Amino acid sequence: MEAGGERFPKQRQVLLLFIFLGGSLAGSELRRYSVTEERERGSLIANLAKDMELRVEELATRVAQVASKGNKQHFQLNYQTGDLLLNEKLDREELCGPTEPCILPFQVLLQNPFQVITNELQVIDINDHSPVFFENEMQVKILESSPPGTAIPLGNAEDLDVGRNSLQNYTLAPNSHFHVVTQRRRDGRKYPELVLDQALDREERPELTLELTALDGGSPPRLGTARLHILVLDINDNAPKFAQSLYEVQSLEDTPVSSVIATVTASDLDAGNYGAISYTFFHASEEILKTFQLNPITGDIQLVKGLDFEAIGIYEIDIEAKDGGGLSGKCTVTVHVVDVNDNPPELIMSSVNSPVPENSAETVVAIFSVSDLDSGDNGKIKCSIQNDLPFVLKPSVENFYTLVTERPLDREIKDEYNITITVTDLGTPRLQTQHSLRVQVSDVNDNAPEFSQSSYTLRVRENNSPALHIGTIRATDRDAGSNAQLSYSLLPGPQPGPDAAALLSIHADSGQLFALRALDYEALQAFEVRVRATDQGSPALSSQALVRVQVLDANDNSPFVLYPLQNASAPVTELLPRAAEPGYLLSKVVAVDRDSGQNAWLSFQLLKATEPGLFGVGPHNGEVRTARPLSERDAPRHRLLLLVRDNGEPPRSASVTLHVLLVDGFSQPYLPLPDAPPQRAPPDRLTAYLVVALAAVSSLFLLSLLLFVALRLCRRRGGPGSLGGGSLPEPHFPGHLVDVSGAGTLSQSYQYEVCLQGGSGDSGFNFAPNFLIQDT
């Protein structure tokens, strides 16, 4: 709660004028119910469901509430029957005081749709209070010289009931001197006047005692009595007289205590003790005695308790001036309490709907009422909330407001709002009340899962163990609760390929991917699957991401030698002319490795040779060349053991044996003799195909060579003997007739120019086949 003259230029303000809102009920039927006071708790007032033409079950579904002014809840609603019941005993005098009729307004609040129905309950008075005199005994002094008809005001009685049950008249016990007349004040209160019927004689009867009775109009009537002592005084022919019979003063309700708010003055023409005047309250109520104090000498009326306009707006004070002889005069002081802005506005929250679902427009968040006990501008109210919130205040019937959403809310942007409702009056200074309200936004499944990237690449090395965790695919969902709980599943990739379910599995909750079986790089280098993330909302939303799994090569394949063949029935023998120069290409080892990358990088090494230093092998191309010129001392047959090694970790290798036969010329027959039977290689379809192809090519080549040589030998006269005649004479090869070209690899063409000589030395032939072996 805060008072102050704050300005609100940046806030949306809704001005509440109670007079204007009184007209907002036009078009709605105002129902008035009645009940007598002091009824027991739980007593039936009416059936609201029937009066509002609603089914009983609608009261619960529409969250019906009964709201009444203030913090007390006088009513309760039975949702099973629709009956409106009393929540407590009602005391009409406590609720309304002297006001008649006693009306308790209440509202029935309905939601879905929002509706306010205004009703009234009239509390009917019963005669449960008797008239009570402020003084049980009163003393009246009257001059013996008073003529008949003299009227003397007496102290009145008070009855808290109203209407017929209130105080109606006064009676006096039968006597020969006086009777009583019931008079009415301007404020409606009734008081008795004692009227003299017969002249008095003090010497004959100095005093009288009578009984004064106050009666109400109830059935049966109630009464209150007071004893009246009448003293007959000796003659004092001048009574005190006030300067005016009625004083009217105004006093602000925040007037400080001990302030003098009025001064009354009376005069008496008598002298001496008969002219000495003292002032007293005349039959003042308990409230007046608690609030004011009268100086008996000066007539100053002093404030002894703070005024409250909202409690009592006007005081009527009767003052008596009495002289020393017992005569008195009376006047009335009317004190009008002027309202000041001393009551801040009051806000009563009727209902709060929190959390509010997102994406909903025009949703009622809260219903509340405002009031201010002050009057005039001090009681005019305006309501506002912060300007930067997606909410708006809408006035409803009477003094009710609804707080509704101005536009659909988005929980992912903001999931909670702190709303401060400020209620300010228009008084001076302005007072305000603030009420803080925390509104939470509930989630709606309006966001699909999102992957951090549209595609992922995972790498796994081949020969992995089954159920190996190869990676995790994660998605996020901006929603909350079950709407953000994700489950993962696998879908086939966009391109035709292996069945993803046979290769991978995914953990439905964590998104962890596992390889179901060992992968083989040589069979499958990469494949693609799609991962779908689905939330648990209703309806469920999902999204997909592409996962490419690359199988990394492992060095699990040894090099395979394509040439020279190692599993043939006879070893491969290479012919080497003795006239070959250093660097002469004898052969080339051709090998492959099914691995890739550096696992397939092959290097060649000469492990063992019959004649060390005669041959060398290229470390990268596998070419076997002569390292020096041949001599007569070199053995005619040589066996080379070559090693082919890959570059993997750990490295794998294969060995190959190459047989070399030194010849003086290519016409010299030879019969290669294997040193050892070839080892049988394990069956391999690809190897078999390659071996068959190479064997066919080699056989055709040898057959062509033999046929060609045989034809040439038969045409020559006096040529050398047949091939079956044993060993051939060693021919002489002129160095300039042997042309060795082919510094490259076996993937290139090699041409051999060979000259066979007889005795004359001028016969020869050129043989130039194209021998092509490609490295695959």
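Predicted model: local features only at pLDDT ≥ 70, side-chain atom pairs only at ≥ 80, totals over all residues.
**Cis peptides**

Start by selecting E100 and P101. The peptide bond joining them is cis, with omega at about 5°. P101 sits in a loop, with α4 (92–96) on one side and β8 (102–110) on the other.

Now jump to Y563 and P564. Here, too, the bond is cis, and omega is near 0°.

**Positive phi without glycine**

Next, pick H283. Its phi is positive, about 50°, even though H283 is not a glycine. Look for H283 in the loop between β23 (278–281) and α5 (286–291). Is H283 buried or exposed? Its relative accessibility is 18%, and buried means under 20%, so H283 counts as buried.

Then go to A467, which is not a glycine either and has a positive phi of about 65°. The loop to show is the one between β37 (455–461) and β38 (468–472), where A467 is placed. With a relative accessibility of 54%, A467 counts as exposed.

**Aromatic pairs**

Move on to F292 and Y315. What arrangement do the rings of F292 and Y315 have? Their centres are 5.1 Å apart and their planes lie at 85°, so the pair is edge-to-face. Colour the strands and you'll see F292 in β24 (residues 292–294) and Y315 in β26 (residues 314–322); the pair therefore ties together parts that are 23 residues apart in sequence. F292 and Y315 are both buried.

For a cluster, select Y33, F75 and F106 together: ring pairs link these residues.

**Charges over rings**

Two last stops. Show R185 and Y191: R185 lies over the face of Y191, 4.7 Å from the ring centre. Finish with K330 and F282, where K330 lies over the face of the F282 ring at 4.5 Å from the ring centre.

How values were computed
Residues numbered from 1 in each chain as written. Heavy atoms only, no water. Helix = DSSP H or I, 4+ residues; strand = E, 2+ residues; numbered from the N terminus. Buried < 20%, exposed > 50% of the residue type's maximum accessible area, 1.4 Å probe, protein only. Phe/Tyr/Trp six-rings, centres within 6.5 Å; stacked < 30°, edge-to-face > 60°. Lys NZ or Arg CZ within 6 Å of the ring centre and 35° of its normal.
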